[in-house]
Amino acid sequence: MQKQAFRQTLLAATIAVLGLMSAPGAALAQDASPAAATAKAQTAKPNVVVLATGGTIAGAGASTVNSATYTAAKVPVDKLLAGLPELANTANVRGEQVFQIASESFTNDNLLTLAKRVSQLAKQPDVDGIVITHGTDTLAETAYFLSLTVHTDKPIAVVGSMRPGTALSADGALNLLNAVSVAGSKDARGKGVFVTMNDEINTARDVNKDINIQTSAFHSQWGPLGMVVEGKNYWFRAPAKRHTNNSEFNIDNIDKLPQVDIVYAYGSVQPTAVNALVDAGAKAIIHAGTGNGSVADRMVKPLQDARGKGVLIVRSSRVPYGFVLRNAEQPDDKYDWVVAHDMRPEKARLLTMLALTKGASTAELQRMFMEY
């Protein structure tokens, strides 16, 4: 029995030695395991680029109680990211400062520059998603422009805040964390461009800023696509309109945008603005009418005259919800006008500008308003 036990012990020792010989780097691998684990974790996380443009999310107030009185576009992107170490648990994040401006000062040239940079990054294999920090005043417009012009299935999230980071209960940090989470997630691929504010995921086409003082500022009349809760996406619907890869517009081929302006309707409105804009070279006019895109009697002839000069006329509504019906209120077919459907005037302007880069007729523009 003793000899048998000795033989078994000797056999086990031999197997152990042979095992070590077959893995000569095992001891070294064990020593290097923390670094290897870190590298593996970084590789497993998505790579997200944050493009900063300024706005309230980069703003600062004089004190913690200044939630509505502050200076926008003060904090550079490196400090913005460094102030949110939790980002490292979500993705490998790097930042670029594209602009440092308040969003009410955004121009067509700013839109083109930003969209072209987004398109460049989307083509890189080492980029899984893109986040744009942006002032809230024109955030929804920029998001929609990106949705129309950037061809990619990678998630693009546009995010801002209603309070500067210096304020009590500032909303920017969580908004940004959620944006990075969405941009880096595989389940967001192919769904287009998002606005991630106040825990909601909204599609860029539908969302608009409806409140100017509260954190629950952004809404879509058709509802959000989903929500982000503790870094997890919960989806409830998908975008129904054309966007990104399915768009006929491509920012890579667009270097200039034509002049398109908006005329706002109100009681006792006069044709002064229409006439001035036509004289100033407008290629299209978005008429932000009352109710169902209604046009005052004294405005019909000036708009008809503008159309006779080759200016496209688009009937939209200043009413935030609902949509404009074609040939209701005005005989659009007779006048060769277009209706913006459920598109607000400022977004109707963007789609019309892009349509004009393709020389779209009224019929083609009307199709685009129904499809986009």
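The following is a working conversation about a predicted model.

Colleague: Let us begin with the helices. At what angle do H11 and H12 pack?

Modeller: The angle between helix H11 (residues 345–357) and helix H12 (residues 362–371) is about 135 degrees, and their axes are 10 Å apart.

Colleague: What about H5 and H6: at what angle do their axes cross?

Modeller: Helix H5 (residues 108–122) and helix H6 (residues 139–149) cross at roughly 50 degrees, with axes that come within 10 Å. H5 and H6 are therefore oblique to each other as well, and their crossing is right-handed.

Colleague: Turning to the backbone, what is phi at serine 169?

Modeller: Serine 169 has a phi near 55 degrees, which is positive although the residue is not glycine. Most residues other than glycine have a negative phi.

Colleague: Where does serine 169 sit?

Modeller: Serine 169 is in the loop that runs between strand S4 (156–159) and helix H7 (172–183). Its relative accessibility is 58%, so serine 169 counts as exposed.

Colleague: Aspartate 199, then: what is its phi, positive or negative?

Modeller: The phi of aspartate 199 is positive, near 75 degrees. Aspartate 199 lies in the loop between strand S5 (193–197) and strand S6 (200–203). With a relative accessibility of 30%, aspartate 199 counts as partly exposed.

Colleague: Now valine 50. Buried or exposed?

Modeller: Valine 50 is buried, because its relative accessibility is 0%. This residue belongs to strand S1 (residues 47–54).

Colleague: How far is valine 50 from glycine 95 in space?

Modeller: The C-alpha atoms of valine 50 and glycine 95 are 4.6 Å apart, while the two residues are 45 apart in sequence.

Colleague: One last topic, the surface. Which residues form the nonpolar patch?

Modeller: The patch is formed by Met227, Val229, Tyr234 and Phe236, which together have about 380 Å² of accessible area.

Colleague: Where is valine 229 within the secondary structure?

Modeller: Valine 229 is in strand S9, which covers residues 226–229.

Colleague: And why is valine 229 described as partly exposed?

Modeller: The relative accessible area of valine 229 is 38%, so the residue counts as partly exposed. That class lies between the cut-offs of 20% for buried and 50% for exposed.

Key
Residues are numbered from 1 along each chain as its sequence is written. This is a predicted model: local features need pLDDT of at least 70, side-chain atom pairs count only at pLDDT 80 or more; totals for chains, interfaces and linings use all residues. Side-chain values use heavy atoms; hydrogens and water are left out. Patches are made of residues with over 30% relative accessible area and no salt bridge: like charges are joined within 9 Å, nonpolar side chains (Val, Leu, Ile, Met, Phe, Trp, Tyr) within 5 Å. Accessible areas come from the Shrake-Rupley method with a 1.4 Å probe; for residues, only the protein chains shown count as cover. A salt bridge is a side-chain nitrogen of Lys or Arg within 4 Å of a carboxyl oxygen of Asp or Glu. Helices (H or I, at least four residues) and strands (E, at least two) are DSSP runs, numbered from the N terminus. Buried means under 20% relative accessible area, exposed over 50%, partly exposed in between (1.4 Å probe, protein chains only). Axes are lines fitted to C-alpha atoms, for helices over the stretch in contact, and angles run from 0 to 180 degrees between N-to-C directions. Angles under 35 degrees count as roughly parallel, over 145 as roughly antiparallel, 65 to 115 as roughly perpendicular and the rest as oblique. A crossing is left-handed if the near helix is turned anticlockwise from the far one by less than a right angle, and right-handed if clockwise.
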